[in-house]
Amino acid sequence: MGKKSRRRDNKNTAAAPSTQRGQQRHHQQFDTVVSLLLTGDALANPYVVKRDDFRRLPRWPNDGIEQERKKNLKGGPDSPGRIETDDPDTIAMTELLGGYPSKSPLCEIEPKGAWPPGFIRSLPFTFQHQVAKQQSDLSSAKTHLIEAYKRKDSDVRGILEEINCMHCVYKGSCDESRFPDFQAILVPLFQKNLASDENIELLFGKVSFVRHLLLDVGSQLADPPPLNSPAWAVLSQYLYNPEMDAAPAPKSCAECGLVSEDSCSKCAGCKSVSYCSQDCQRKHWSIHKPDCLRAQGKKVSEKVAAKAQKEMEER
């Protein structure tokens, strides 16, 4: 009995340092993000700004704030007016939006009221985000990046190499269903101070295609969510790690689209696409054959390439 008790005690004793080490790693990740954002280079990115810091929000033509200001300046029964106040934040908000959406200045609003100060301060960000989401085109952004990768654009590949996303974009170029989440590319771009408009256009074609995600990621990095919260769990999985590639999407059948890690097996030739059955693999073979041969370093005849192209067009 004594020996068994000692063994259990030893296990419990060993588990405590392990848990502590795990917590320390979480805190180190959190501190890494915060320390990065305290540097001049990181703060220079216009998207790294808190949602309620309306004075520092990035601006672009027809960004939602501009439309709101024009609408409010025209007036109308539902347009917010102006209030007499010396509060500088309220005055700045009024000038930004062409009106002030409350009867009390920001400095006098109760934190737990119907419209708390944080909500009002975040309204300009909300207007921007709504418009940015309407202008987004993630499908075109994905297509642009895949095509740039396939034609071996040296600038694009250099950026992907810098943020350890070459492998996951390669997977997405072979099977679009395995294209990584955009955050898996954007978060390390911010961390490595590479999220400039020029680089975003190189990767995705247009800034407007992914601007709503830039706003989301930038605001989270400017004001990291609480440690171990669901929001932090989502953000932390995309943090740049020099020893780890961005995670590809789950396995899915290239023919029928079934998503399953257990049922889908990789093509034995190129190991870049998966199929749920031999029947699906046979149906998809004429389309997949050129990519499969290229991945193995083999020559693709014009006949094979033409047949694949024709079948894709007929589907």
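Where is the place of asparagine 193? The legend to view 1 gives the reply, in the loop between α10 (183-191) and α11.

This is a predicted model, in which local features need pLDDT of at least 70, side-chain atom pairs count only at pLDDT 80 or more, and totals for chains, interfaces and linings use all residues. Residues are numbered from 1 along each chain as its sequence is written, and side-chain values use heavy atoms, with hydrogens and water left out.

**View 1. Asparagine 193 has a positive phi.** The angle is about 60°, although this residue is not a glycine. Most residues other than glycine have a negative phi. Asparagine 193 sits in the loop between α10 (183-191) and α11. Helices here are DSSP runs (H or I, at least four residues), as are strands (E, at least two), and both are numbered from the N terminus. Asparagine 193 is partly exposed, with a relative accessible area of 40%.

View 2. Asparagine 62 is found in the loop between α2 and α3. Its relative accessible area is 40%, so it counts as partly exposed.

View 3. Arginine 51 lies in the loop between α2 (40-43) and α3 (65-74). Arginine 51 is partly exposed, at 39% relative accessible area. Proline 58 is in the loop between α2 and α3. Is proline 58 buried or exposed? At 7% relative accessibility, proline 58 counts as buried.

View 4. Side chains of opposite charge can pair when their charged atoms come close. A salt bridge is a side-chain nitrogen of Lys or Arg within 4 Å of a carboxyl oxygen of Asp or Glu. By this rule the count comes to 13 salt bridges. Aspartate 53 is partly exposed at 24% relative accessibility, and arginine 56 is partly exposed at 39%. Aspartate 63 is buried, with a relative accessible area of 0%. Arginine 59 is partly exposed, at 46%.

**View 5. Aspartate 291 and arginine 294 meet in a salt bridge.** The N to O distance is 3.1 Å. Both residues lie in helix α14 (residues 278-295). They are 3 residues apart, so about one helical turn separates them. Aspartate 291 is partly exposed, with a relative accessible area of 32%. Arginine 294 is partly exposed too, at 48%.

**View 6. Salt bridges link Arg55, Asp89 and Arg121 in a network.**

**View 7. Asp155, Asp197, Glu198 and Glu201 gather in a patch of negative charge on the surface.** Asp and Glu count as negative and Lys and Arg as positive, while His and the chain ends are not counted. A patch is made of residues with over 30% relative accessible area and no salt bridge; like charges are joined within 9 Å, and nonpolar side chains (Val, Leu, Ile, Met, Phe, Trp, Tyr) within 5 Å. Which helix gives the most to the negative patch? Helix α11 (residues 197-204) does, with 3 residues. Aspartate 197 lies in helix α11. Aspartate 197 is partly exposed, with a relative accessible area of 42%.

**View 8. A search of the whole structure finds 0 disulfides.** A disulfide is a pair of cysteine sulfur atoms within 2.5 Å. Cysteine 270 is buried, at 12% relative accessibility.

Notes
Areas by Shrake-Rupley, 256 points an atom, 1.4 Å probe, with all protein chains shown as cover. Charge placed at Lys NZ, Arg CZ, Asp CG, Glu CD. Buried < 20%, exposed > 50% of the residue type's maximum accessible area, 1.4 Å probe, protein only.
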